Amino acid sequence: MKYSIQLSDAIHILAYIEIFKNTDWLSSDRIAKSVETNPANIRKIMSQLRKSNLIITQAGKPTPTLAKPPEEISLLAIYKSIEGNTNLIQVDPKTNPNCIVGANIQEVLSEKYTLLQRSIEKEMSEITLDSFIHEIAQLEIEKRPENRTIVDEYL
């Protein structure tokens with residue numbers, strides 16, 4: 001089964017942009033080193049974030065900024081910027097209509113998956129980028145107290 005890590009990378013990029021705002025560390029090369037991917041992938045994700053009005057960028061300048069405060073950016077908004085309106089869980093469209101299970105499973109799963117999707121989206125809308133950044137700051141201080149001055153404003 002194939003899965004996407006782009007949501008994780010998008011959250012990483014947004015947190016990075018906020019934590020390193022007003023520094024020289026905001027190039028796609030620098031962000032790519034943090035994410036451990038290539039700069040082209042970072043630019044692709046940042047393009048999606050820009051189109052969704054989550055970040056502001058300027059061509060030729062490595063100065064991305066968040067379009068709104070981190071406490072106003074929900075996990076759901078980030079997810080939709082990356083995945084569009086795709087549901088988190090999908091029904092297999094190819095089942096055997098001549099089988100008792102295959103002929104009925106899609107309808108049964110669709111109903112349950114719709115309930116789950118609504119619940120998940122509600123939860124995702126209540127989780128903010130700010131909460132991720134706060135936890136990153138706490139963990140960083142636990143691991144490397146000497147970096148407290150960098151992350152202190154997020155505690």
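**Entry 1. Helices α1 and α2**

I looked up first how α1 passes α2, and I found a right-handed crossing (right-handed if the near helix is turned clockwise from the far one by less than a right angle, left-handed if anticlockwise). The model is a predicted one, in which local features need pLDDT of at least 70 and side-chain atom pairs count only at pLDDT 80 or more, while totals for chains, interfaces and linings use all residues. Residues are numbered from 1 along each chain as its sequence is written, and side-chain values use heavy atoms, with hydrogens and water left out.

I took helices as DSSP runs of H or I of at least four residues, numbered from the N terminus. The axes of α1 and α2 are 10 Å apart, and the two helices pack at an angle of about 125°; axes are lines fitted to C-alpha atoms over the stretch in contact, and angles run from 0 to 180 degrees between N-to-C directions. The pair α1 and α2 is therefore oblique (under 35 degrees counts as roughly parallel, over 145 as roughly antiparallel, 65 to 115 as roughly perpendicular, and the rest as oblique).

I then listed the contact, meaning heavy atoms within 4.5 Å. From α1 I noted D9, H12, I13, Y16 and I17, and from α2 R30, I31, S34 and V35. The residues of this contact of α1 with α2 divide into five nonpolar, two polar and two charged. In this count Ala, Val, Leu, Ile, Met, Phe, Trp, Tyr, Cys and Pro are nonpolar, Asp, Glu, Lys and Arg are charged, and the others, Gly among them, are polar.

**Entry 2. Helices α1 and α4**

I turned next to α1 (residues 6-19) and α4 (residues 75-83), which pack at an angle of about 120° with their axes 9 Å apart. The helices α1 and α4 are therefore oblique to each other, and their crossing is right-handed. Q6, L7, A10, I11 and L14 of α1 meet L75, I78, Y79 and I82 of α4.

**Entry 3. Helices α4 and α5**

For α4 and α5 I found axes that come within 6 Å and cross at roughly 115°. That makes α4 roughly perpendicular to α5. L75, L76, Y79 and K80 of α4 make the contact with E121, M124 and S125 of α5. The contact of α4 with α5 holds four nonpolar residues, one polar and two charged.

I also asked which residues of α4 are buried. They are L75, L76, I78, Y79, S81 and I82, where buried means under 20% relative accessible area, exposed over 50% and partly exposed in between (1.4 Å probe, protein chains only). The buried residues of α4 pack against α1, α3, α5 and α6. Just after α4, G84 takes a positive phi of about 70°.

**Entry 4. The nonpolar core**

I looked up the largest nonpolar core and found 33 residues, with I13, I17, I31, L49 and L129 having the most contacts inside it. Such a core is a set of buried Ala, Val, Leu, Ile, Met, Phe, Trp, Tyr and Cys residues joined through side-chain atoms within 4.5 Å. At least two residues of this core come from each of α1, α2 (28-35), α3 (39-51), α4 and α6 (129-143). Helix α1 gives the most, with eight residues.

Q117 has its place in helix α5 (residues 100-126). Q117 counts as buried, at 6% relative accessibility. I noted that Q117 touches N87, L88 and I89, again leaving out residues up to four places away in sequence.

L116 is also found in α5, but L116 is partly exposed, with a relative accessible area of 42%. L116 and L88 are 28 residues apart in sequence, and their C-alpha atoms are 9.1 Å apart in space.

**Entry 5. Positive phi in two loops**

I checked backbone angles last. Most residues other than glycine have a negative phi. In the loop between α1 and α2 I found N22, with a positive phi near 60°. N22 counts as exposed at 76% relative accessibility. E36 lies in the loop between α2 and α3, and the phi of E36 is positive and near 60°. E36 counts as exposed at 73% relative accessibility.
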